[in-house]
Amino acid sequence: MNASGFLRVLAVDDEPPALDELAYHLRADPRVARLHTAGDATEALRVLRDGDVDVVFLDIRMPGLDGMELARVLRRFARPPAIVFVTAYDDGAVDAFDLGATDYVRKPVRAERLAESLRRVIGSRVLPSHPAALARAEEDPTIPIELAGTTRMLPRSAVRWVEAQGDYARLHTADASHLVRVSLATLAERWGDAGFVRIHRSYLVQLRLIAELRLVNSGYVVVVDGTELPVSRRHTRELKDKLVRAAKQDWNR
């Protein structure tokens, strides 16, 4: 244990070699004051019952209660810890951001990558159990994206529009785009309450960022960040109604 540390950490993995490696790197970080380990969800819940933990580094694929299911249990705690998923797979990334994970680390773990995760935990959860911090996390969830072999967490609020690419979706921000393994239909369902609207079978846009709805030879287009995006006939009427309602709400404020 590090006398100068302040974070209480729990590492959970059902594979002893992987757990030993994760624990080794976490113990070496000066920000970690106390480290607990668990080989499955049952043992992890026993540790959490006996004392508070600031962050849980959690494997996803485990026998019995898996990492995603355990994370859902942890979210219901009165003082939920931050969650960092540590996994050899990338197919849980979508569920991870739905659960408000702070980070998503790919195995094999590296010391510098875990150090970055701890920095994210500290930066995003100065007071882990503070209601305002939890509300912000729920209002603006993060999306795991791959950048040069590293998983980063992109705030949903940074996404301007989304383009379908087969079973994937390309998230467009103000200065870049990122491909994630999730369908456009799934994002349309999950992000509807956050102001994202379907304008075409291949496009989802943030309603408040639509600068123009314009009629062209082939039909309507919207303009978002200077980019023209097609509006299908089946979505035109609904989009017009939503734009009118949004304008009225802004006018009445």
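How many bridges pair strand β8 with β12, and in which sense? Strand β8 (residues 161–165) pairs with β12 in the antiparallel sense, over 3 bridges. Strands count as paired if DSSP finds at least two bridges between them. This is a predicted model, so local features need pLDDT of at least 70, side-chain atom pairs count only at pLDDT 80 or more, and totals for chains, interfaces and linings use all residues. Residues are numbered from 1 along each chain as its sequence is written, and side-chain values use heavy atoms, leaving out hydrogens and water.

**Around strand β12**
- Strands here are DSSP runs (E, at least two residues), numbered from the N terminus.
- β11 (residues 196–200) also pairs with β12 in the antiparallel sense, over 4 bridges, and a hairpin through 2 residues joins β11 to β12.
- L204 in β12 stands opposite V162 and also opposite R198.
- Both faces of β12 (residues 203–206) are covered: Y203 and V205 are buried on one side, L204 and Q206 on the other. Buried means under 20% relative accessible area (1.4 Å probe, protein chains only).

**Aromatic pairs**
- Rings of Phe, Tyr and Trp (its six-membered ring) pair if their centres lie within 6.5 Å; planes under 30 degrees apart count as stacked, over 60 as edge-to-face and the rest as tilted.
- That rule gives 3 aromatic pairs.
- The F85 and Y104 rings have centres 6.5 Å apart and planes at 55°, so this pair is tilted.
- F85 sits in strand β4 (residues 82–87) and Y104 in strand β5 (residues 103–106), 19 residues apart, so the pair links distant parts of the chain.
- F85 is buried at 0% relative accessible area, and Y104 is buried at 1%.
- W191 and F196 form a tilted pair, 4.9 Å centre to centre with 50° between the planes, and both are buried.

Technical notes: Buried < 20%, exposed > 50% of the residue type's maximum accessible area, 1.4 Å probe, protein only.
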